[in-house]
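Visitor: I would like a quick tour of a protein model. May I ask questions as we go?

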2 protein chains.
Amino acid sequence: MSLMDGLFGKPLASSSEEGERIGAAAGIPIFGLDALSSAAYGPEAALTLLIPLGLAGVAYIVPISISIIILLTIVCFSYLQTIESYPGGGGSYTVARENLGVSPGLLAAAALMIDYILVVAVGISAGVGALVSAAPSLQQHTLLMCLGILVLITLVNLRGVRETGVVFMVPTYLFIGTLLIVITIGLFKMIVGHGVPMPVVAPPKAPHAIAAVSAWVLLKAFSSGCTAMTGVEAVSNGVKAFRQPASRNARQTLIVIIALLIVLLAGIAYLVRGYGVAATDPGQPGYESVLSILVGAVAGKGIFYYVTIGSILLVLALSANTAFADFPRLCRTIAQDGYLPRSFASRGRRLVYSQGIYVLSVLAGVLLILFGGVTDRLIPLFAVGAFLAFTLSQWGMVFHWRRIRGASAWRSMLINGLGALVTGVTVIVVLVAKFAEGAWVTLVLIPALLAVMVAVRRQYHNVSMQVASQTPLKLTHFRPPLVVVPIDRWSLLAKRALTLGLNLSEDIVAVHIDSGERTMYLREQWSDFVEKPVLEIGMCPPRLMVLPSPYRFVINPIVDAVLELERKNPDRQIAVLIPELIERRWYYHALHNQRAAALKGLLYVKGTQRIIVVNVPWYLKANWDPN
Amino acid sequence: MSLMDGLFGKPLASSSEEGERIGAAAGIPIFGLDALSSAAYGPEAALTLLIPLGLAGVAYIVPISISIIILLTIVCFSYLQTIESYPGGGGSYTVARENLGVSPGLLAAAALMIDYILVVAVGISAGVGALVSAAPSLQQHTLLMCLGILVLITLVNLRGVRETGVVFMVPTYLFIGTLLIVITIGLFKMIVGHGVPMPVVAPPKAPHAIAAVSAWVLLKAFSSGCTAMTGVEAVSNGVKAFRQPASRNARQTLIVIIALLIVLLAGIAYLVRGYGVAATDPGQPGYESVLSILVGAVAGKGIFYYVTIGSILLVLALSANTAFADFPRLCRTIAQDGYLPRSFASRGRRLVYSQGIYVLSVLAGVLLILFGGVTDRLIPLFAVGAFLAFTLSQWGMVFHWRRIRGASAWRSMLINGLGALVTGVTVIVVLVAKFAEGAWVTLVLIPALLAVMVAVRRQYHNVSMQVASQTPLKLTHFRPPLVVVPIDRWSLLAKRALTLGLNLSEDIVAVHIDSGERTMYLREQWSDFVEKPVLEIGMCPPRLMVLPSPYRFVINPIVDAVLELERKNPDRQIAVLIPELIERRWYYHALHNQRAAALKGLLYVKGTQRIIVVNVPWYLKANWDPN
């Protein structure tokens, strides 16, 4: 199993769980990458919508950024209260379900899940897109690079939470550090130049204004800028991943993330206006990202420029990781309540919720393949879900405080109420501004996912009612089962299965597919090898039943024979003994047992309650020497 | 299962096999698409290499086509003899293995398998490439369209051989019909114009010659033209798919396919020279395929032009189907000899070798994704494999005739010998001409696949030696197993498992994961529901063993308890009874039994020969009403 160990890490014992928990330093890359990377594309997205306004439009980036920063601050305080009240993890689902009811909880969950899938696809393809615009010769490998990064992030996450933090720490802090340096230098030059700095590399001239400013344009620019806030939820949902005191560590992490994001957004907006950096049209030749222009203007295009741009690309591509940190936890919580398959709630070999990671990876991969690695058009979709979840969560907190009452509860309720109000308004703004561009898709997907979750829950309930019992065992019709042993040829496997069968019951039927010479040989062996020794200990010897099979099918005749035996013995259990070869080396697994699996599968499809399958393992030696 | 039925068709009974066989009319699309579609890209590939020679180069297409036609004719006669001698299916593998030995047989098989995988990827992407060059706005969806066609072809093939023929008949015959009409009109105009026809749409002027003709250029053009012959093998490998008289039907099919291909190749070559159609550079703007230019020149660009081009696109994209018809059969034959996992030899629900279809589809899909749907660079790779297989097959036939001797055998031997010689020379020519462009990859892949096949065979042999036995049953240590029943809560499942356990043995241990309140409740129920009724019939009541699990893990504590019981009872079998819920509706399958599967898997990994897993199925009702 050494390949598995190499890829996924050695399995962790359950007692290692404490050691897998993280502090704030690792928490920032794990839960903050999504939020922080938004500093790279939020301003860009807003400025792109301001292009038609020409140079005059650039100035509007400052009020838009201020609005977004105010929104961020409110949401931050709101979530700090949530973390304090829910030290066991207070995602939108938990908070909304506990305070508003099951339906609002599921609504928040569905919105968030869809959001995370989109974030993974969009984050990765944004990173690769930035790289491709820097090196156009890589364009033809776009999809391959996207899928490669997806596989990489998936593997890293399957290795466990703590290692993820270590891997992503370097690019995250490099990104923050270089951008802070750019902002510091820029501010210094602005002060020296009395507000009119000399750019090192002059930014391209802003295009002529072809439209006057309107509330609609500013609204759309604001909505685009908002797409950046999706990562905020992750910390409060992942409180349990932090070291003790978990709640305090989580709050510290959230504060640092938001504070850094505010500094970056404010600094970039101020410098963009100061240097007069207008966005260039991403679809046109000569396109250059806003941050690339800005870093060039502030610091020139030397080694520092390439380090900065490199860390931006990396952080964009890895921002998908936040979704990988939170999506599986979210699915686990929902699965524990029975609204998703229970396998989402079990941990894999590295104490992560592997099933959620696989599902997220596969769905994001499908999106990437469907869109060929170019997912720009998905961007409008993913703010709706996040802000819908925020609103429900804050609104839930309002009800939470109302239940608690008391003096301080009123103040807290006010803060969460304000949070609910502004995020609620933002949902409507984003939905209206982006409806035609794709936000409507979210409005279709969320109810669809809700319907699935309700159906899962109903089925689980249905099953538990079907198998419920409050009566004691009834031990009538007491008789050992009729044992069926499929035999191919005389071998140690056949001997073991027959011996086991004789241990279970006196009635044994060995079924064998007629295969000419081999069958004759088996018939000859039967009396000496089976009948004689069984008669010697005074038992009834197993019967050899040879089944004809003109087309050399193996599975179907055996299944038919078993069903026939079941019909003829209406009061008995039928136990089918299937020998299975167990390889000690995983790469030989594909060689065996498909027949056993097919036999079992077909028996389950065609069979009845009275047919039981007994798997008899036979362990093969890894280094077997015939001599 | 109605979705499965809709996608794959209703399962076919094995007795329907006769009805699934085909005649020559369906055989041509199934086994001939690959060969026939080569008329669309063979001349194009050769002409592209003649571009540097200018208009003078166009004339060389006639001798090159004649060489290819002669090669085709020889190979055709060769294969007609093979089909006659091997009415049970005479692919290269069978013929080479029976007459030359196992190693040459496996070499032919590996070469052919790699060839087929490449043919699927290249065929589909050539079709999509042609479509994209006609409608450039579709360019960004290249990969998606490739994968869509791959899925379509896979599904059609999973539905069975006969339906495949029906689906592909229309485009195949449309392709043949329209091209024959083009050739007829063209020849007529050539005669009327005394060898100098008036084009309806003038072809683009041939470029100026920038190189003189050389043997090397002609050799490379010939090699490129040869890439088209890969489909010839398919018919002789698939004789068994034909209706009786199978051998005659197969030979007729092969003759018709080759004859049509010769007419198409000759006609196109003659017209290309007559109309002076030079190839255009596929990488440059203004590119137009040779057939598109030719059809325009002969018939103008009206409705007929679009029907013709449409059928060419379709046939190119569907040419991958030949590989789907033959690859699974080839794998089956090899698997029957133990060189591939045996599952390749079992048939799926529609009597096709599903495993081979899946493997081919997945590998071709991986190639398409790796190359983003643009697989031009793979074209040089795939003639080597085909011609290597041809050579080994013909050479095997030479030895076949030598064994038979007799007057007519000498003539047959001569024909096959000639076939072996020309295809052998072609292998060397193609390998030399295309070595640097990628043919070397085949030389790496073929030995790798060979190594895998030998390893598979060795492991099967190893296993059969390990389990071999020539001694009778030894019936000592005779004792029923110790039965372990995991119990979650009191339910019909628990009752059924306990009842079954009491039928098998007197020693039963019920293991239960401590879960607080539920455990207390279960303990209370135990004496009334289990101990009392069991004591009443005079048996020893099952023991309830409660396992602590601080982290709420479920699987590991049970496995540990079973291993502990196994250690404490060194002379006994341990039978672990695992209840499984069987859903009658497939889309609920994902909801259950992952825990059962995980428990079984872990028991197999950690367990020993003495631990047996007993699956106890519980059938859920599809429409269960609690009232």
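**A tour in questions**

Guide: Start with Leu144(A), which sits in helix α7 (residues 142-158) of chain A. Keep in mind that this is a predicted model.

Visitor: Is Leu144(A) buried or partly exposed?
Guide: A residue counts as buried under 20% relative accessible area and as exposed over 50%. Leu144(A) has a relative accessible area of 30%, so the class is partly exposed.

Visitor: Which residues does Leu144(A) touch, not counting residues up to four places away in sequence?
Guide: Look across to the other chain. Leu144(A) lies in helix α7 of chain A. The residues it touches, leaving out those up to four places away in sequence, are Ile369(B) and Leu370(B).

Visitor: How far apart in space are Leu144(A) and Lys220(A), C-alpha to C-alpha?
Guide: In sequence, the two are 76 residues apart. In space, C-alpha to C-alpha, the distance is 33 Å.

Visitor: Where does Val132(A) lie, and is it buried or exposed?
Guide: Val132(A) belongs to helix α6 (residues 102-134) of chain A. Its relative accessibility is 6%. The cut-off for buried is under 20%, so Val132(A) counts as buried.

Visitor: Which residues does Val132(A) touch, not counting residues up to four places away in sequence?
Guide: One of them is Thr142(A). Val132(A) and Thr142(A) are ten residues apart along the chain, and their C-alpha atoms are separated by 7.4 Å.

Visitor: Let us step back. How many helices and strands does chain A have?
Guide: Count by element type. Chain A has 21 helices and five strands.

Visitor: What share of the residues of chain A count as buried?
Guide: The cut-off is under 20% relative accessible area. Chain A has 627 residues, and the share that count as buried is 56%.

Visitor: How far apart are the centres of the positive and negative side chains of chain A?
Guide: Chain A has 48 positive side chains and 33 negative ones. The centres of these two sets lie apart by 7 Å.

Visitor: Where is Pro245(A) found, and which residue is joined to it by a cis peptide bond?
Guide: Pro245(A) is in the loop between α10 (233-237) and α11 (246-275) of chain A. For the cis bond, omega is about -10°. The partner is Gln244(A).

Visitor: What is omega for the cis peptide bond that joins Gln244(B) and Pro245(B)?
Guide: Pro245(B) lies in the loop between α10 (233-237) and α11 (246-275) of chain B. For its cis bond with Gln244(B), omega is about -5°.

Visitor: How are the two copies related?
Guide: Chain A can be laid on chain B with an RMSD of 0.1 Å. That takes a turn of 180° and a shift of 0.1 Å along the axis. The copies are therefore related as by a two-fold rotation axis.

Visitor: Which C-alpha in chain A is nearest the axis?
Guide: The distance from the axis is 2.2 Å. The C-alpha in question is that of Val614(A).

Visitor: What share of the contact residues of chain A recur in chain B?
Guide: The same surface serves both copies. The share that recurs is 98%.

Visitor: Is Phe344(B) buried or exposed?
Guide: Phe344(B) is found in the loop between α14 (320-336) and α15 (354-370) of chain B. Among its contacts beyond four places in sequence are Cys331(B), Tyr353(B) and Val359(B). Its relative accessible area is 8%, so Phe344(B) is buried.

Key. Residues numbered from 1 in each chain as written. Chains lettered and ligands numbered in written order. Predicted model: local features only at pLDDT ≥ 70, side-chain atom pairs only at ≥ 80, totals over all residues. Heavy atoms only, no water. Helix = DSSP H or I, 4+ residues; strand = E, 2+ residues; numbered from the N terminus. Buried < 20%, exposed > 50% of the residue type's maximum accessible area, 1.4 Å probe, protein only. Lys, Arg positive; Asp, Glu negative; His and termini not counted. Charge placed at Lys NZ, Arg CZ, Asp CG, Glu CD. Least-squares fit on C-alpha atoms with pLDDT ≥ 70 in both. Contact = heavy atoms within 4.5 Å.
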